[in-house]
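Dear colleague,

I am passing on the structure we spoke about, and below it you will find my notes on what was found. Please read them with the model open beside you.

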Amino acid sequence: MTIRQYKNTSPKIGNDTYIDKSAVLVGDVTCADDVSIWPLVAARGDVNYINIGARTNVQDGTVLHVTRTSENNPKGFPLIIGEDVTVGHKCMLHGCTLGDRILVGMGAIIMDGVIVEDDVFIGGGTLVPPNKTLKSGYLYVGNPAKQARPLKEEEIQFLKQSAVNYIKLKDEYLAEPNN
Ligand SMILES: CC(C)(COP(=O)(O)OP(=O)(O)OC[C@H]1O[C@@H](n2cnc3c(N)ncnc32)[C@H](O)[C@@H]1OP(=O)(O)O)[C@@H](O)C(=O)NCCC(=O)NCCS
């Protein structure tokens, strides 16, 4: 089963969302309206919670997980993803906080305690080490992630457009008879 309860908590799914049948959502996972979750995504909200904001898309093979609370870290590291975010194919988002209108390039890894401000572009394959802050309006690439340059105007527009494209795509999938 795709959407599974853990310790009496089941994923909460908003209106007009698309959750692919091969994705797995466990426990304390909240998807706001118009979210799309594509094939083979694993979102495991067991030792902390996962929030996915409205109109965000999480593409194929991405893994979402969290870190438990502890004496030194009483809130642990939940995973919070803002609105109109594009998470590309096969990313790993672990215990980090993402703002709105962000593109996480395919294969990127974002670790515990990272904060990504609004309107950031993260290049494919980028690794963001724990507790870093990525500043609004910049492109980051590399391992470890470095600020590459300010975003161009067309890239800032694309951050929003990418979310719009995925809303259209998931609406088409929702209209398919077998979905
Ligand atoms: C980073 C990116 C936006 C290109 O930015 P750009 O400034 O136009 O990059 P350019 O192609 O002009 O390359 C500039 C330099 O950065 C390097 N570069 C490009 N993308 C890179 C990446 N992801 N990581 C590391 N270096 C990268 C190029 O090799 C080039 O290096 P050089 O100057 O030594 O030759 C693009 O490569 C990228 O990663 N897009 C993500 C796409 C994606 O994953 N979408 C989600 C799935 S739908």
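Strands here are DSSP runs of E at least two residues long, numbered from the N terminus, and two of them pair if DSSP finds at least two bridges between them. This is a predicted model, in which local features need pLDDT of at least 70 and side-chain atom pairs count only at pLDDT 80 or more, while totals for chains, interfaces and linings use all residues. Residues are numbered from 1 along each chain as its sequence is written.

Strand β19 (residues 138-141) pairs with β20 in the antiparallel sense over four bridges, and within that pairing Y140 has Q147 of β20 as its bridge partner. The two strands form a hairpin with four residues between them, and G142 in the turn has a positive phi of about 100°. None of the five residues of β20 is buried (20 or more other C-beta atoms within 10 Å of a residue's own, with C-beta atoms placed from the backbone), so β20 lies largely in the open.

Both strands belong to an open, mixed sheet of eight, ordered β3-β5-β7-β10-β13-β16-β19-β20. Because β3 (18-19) and β20 (146-150) stand at the edges with a single partner strand each, one side of each is left without a neighbour in the sheet. Elsewhere in the sheet, β13 (residues 103-104) and β16 (residues 121-122) run parallel and are joined by two bridges, with V104 partnered by I122.

The ligand is surrounded by residues including H89, M106, L139, V141 and G142, where a residue counts as near if its C-beta atom, placed from the backbone, lies within 6 Å.

With best regards

Definitions and conventions
Buried ≥ 20, exposed ≤ 12 C-beta atoms within 10 Å, placed from the backbone.
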